[in-house]
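Please read the following explanation alongside the sequence and the model.

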Amino acid sequence: MDTMAVHAPLPGRPVGSAARSRRMQGFVLQSPAIMLLLVWSVVPLLMTLWYSVRNYNLLDPTQHGFAGLANYRYLLTDPDFVTSLENTAILVGGVLAISVGLGTLLAVLYNEEFAGRGIARLLVISPFFVMPTVAALLWKNLMLHPIYGVYSAMMRAVGLTPIDWLSRYPLATLVMIVAWEWLPFATLILLTAMQSLDTEQKEAARMDGAGMVAQFTNITLPHLSRAITVVIMIETIFLLTVFAEISVTTAGGPGVASTNLAFLIYSRALLQFDVGGASAGGVIAIVVANIVAAFLLRAVARNLET
């Protein structure tokens, strides 16, 4: 009887009223975050959609009014847009191949005991803390400069002619710079995953006569598959918006040889002052990013279920 009395509703106050009161309190507490989310993300998205169907050029005030899908048609038929998509795919794929491939090998190596392992781990992780603009300037002026760069001095020392990397191989050079920035992230995540690997499995495989390659392909790599999937997902989301490295080193050139989708939108908006066309490019970039994110999330979900 006493227990029933404790859990019985208070007289004069219906149960539904108490539930509504709690929901209202929760809404009041969450409303600042909801308003911030609306102001921070939804409003800019709606403005981008609005300007993408408008004639709006900062240098030509006579261009105004509703444009419909003209901005999208112009952008989708522009050869520069196709080139920027190809460059974006090459940049993302190249950086993922280098960072995930080398990151896996470094994680396996740095998980072993050797003299100076702590210093080696610190050195391999340190580039991740360098800002993209600073990293691009270091590579452009210190490492890759055709006259006084480190690589040029090394080539002259062995009798070779220095190469102007940013002019002759702009996209490949950007892949190298961005991969250098993201290699520490992949190494850190995969090294953390390596430390959770059961050493008894490796010892048992070694006693059964399995070599290093067999241990890596049959034990280490399956163990790292989930971590690799997460690294690919996170890096892809950020690599789709690479901008600072391109702006500092090649400015998208020569021509559009190193222009990705993000830099193309920037050039349309702030170099050609075509706000309508840039907004249409932004909407297309959002669609592409969401499609890629959907596939990556499904891949991660499938990997976590196994």
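Helices here are DSSP runs of H or I with at least four residues, and strands are runs of E with at least two, numbered from the N terminus. The model is predicted: local features need pLDDT of at least 70, side-chain atom pairs count only at pLDDT 80 or more, and totals for chains, interfaces and linings use all residues. Residues are numbered from 1 along each chain as its sequence is written, and side-chain values use heavy atoms, with hydrogens and water left out.

Start in the loop between α12 (244–249) and α13 (261–271), where P254 is placed. The peptide bond joining G253 to P254 is cis, with omega about -5 degrees. The loop between α12 and α13 also holds A251. A251 is a residue other than glycine with a positive phi, near 55 degrees.

Next come the helix pairs. Two packed helices are described by the angle between their axes and the distance between the axes. Axes are lines fitted to C-alpha atoms, for helices over the stretch in contact, and angles run from 0 to 180 degrees between N-to-C directions. Angles under 35 degrees count as roughly parallel, over 145 as roughly antiparallel, 65 to 115 as roughly perpendicular and the rest as oblique.

The axes of α6 (residues 132–143) and α7 (residues 150–157) come within 6 Å and cross at roughly 30 degrees. This makes α6 roughly parallel to α7. In contact (heavy atoms within 4.5 Å) are W139, L142 and M143 of α6 with V150, Y151 and S152 of α7. The residues of this contact comprise 5 nonpolar, 1 polar and no charged. Ala, Val, Leu, Ile, Met, Phe, Trp, Tyr, Cys and Pro count as nonpolar, Asp, Glu, Lys and Arg as charged, and the others, Gly among them, as polar.

For α5 (residues 117–125) and α9 (residues 170–194), the axes come within 8 Å and cross at roughly 135 degrees. This makes α5 oblique to α9. From α5, R121, V124 and I125 meet P184, T187, L188 and L191 of α9. By class, 5 residues of the contact between α5 and α9 are nonpolar, 1 is polar and 1 is charged.

Finally, consider charge pairing. Side chains of opposite charge can pair when their charged atoms come close. The structure holds 2 salt bridges, each a side-chain nitrogen of Lys or Arg within 4 Å of a carboxyl oxygen of Asp or Glu. One of them joins D78 and R268, whose closest N and O atoms are 2.1 Å apart. D78 lies in the loop between α3 (70–76) and α4 (79–110) and R268 in α13, so the pair ties together parts 190 residues apart in sequence.
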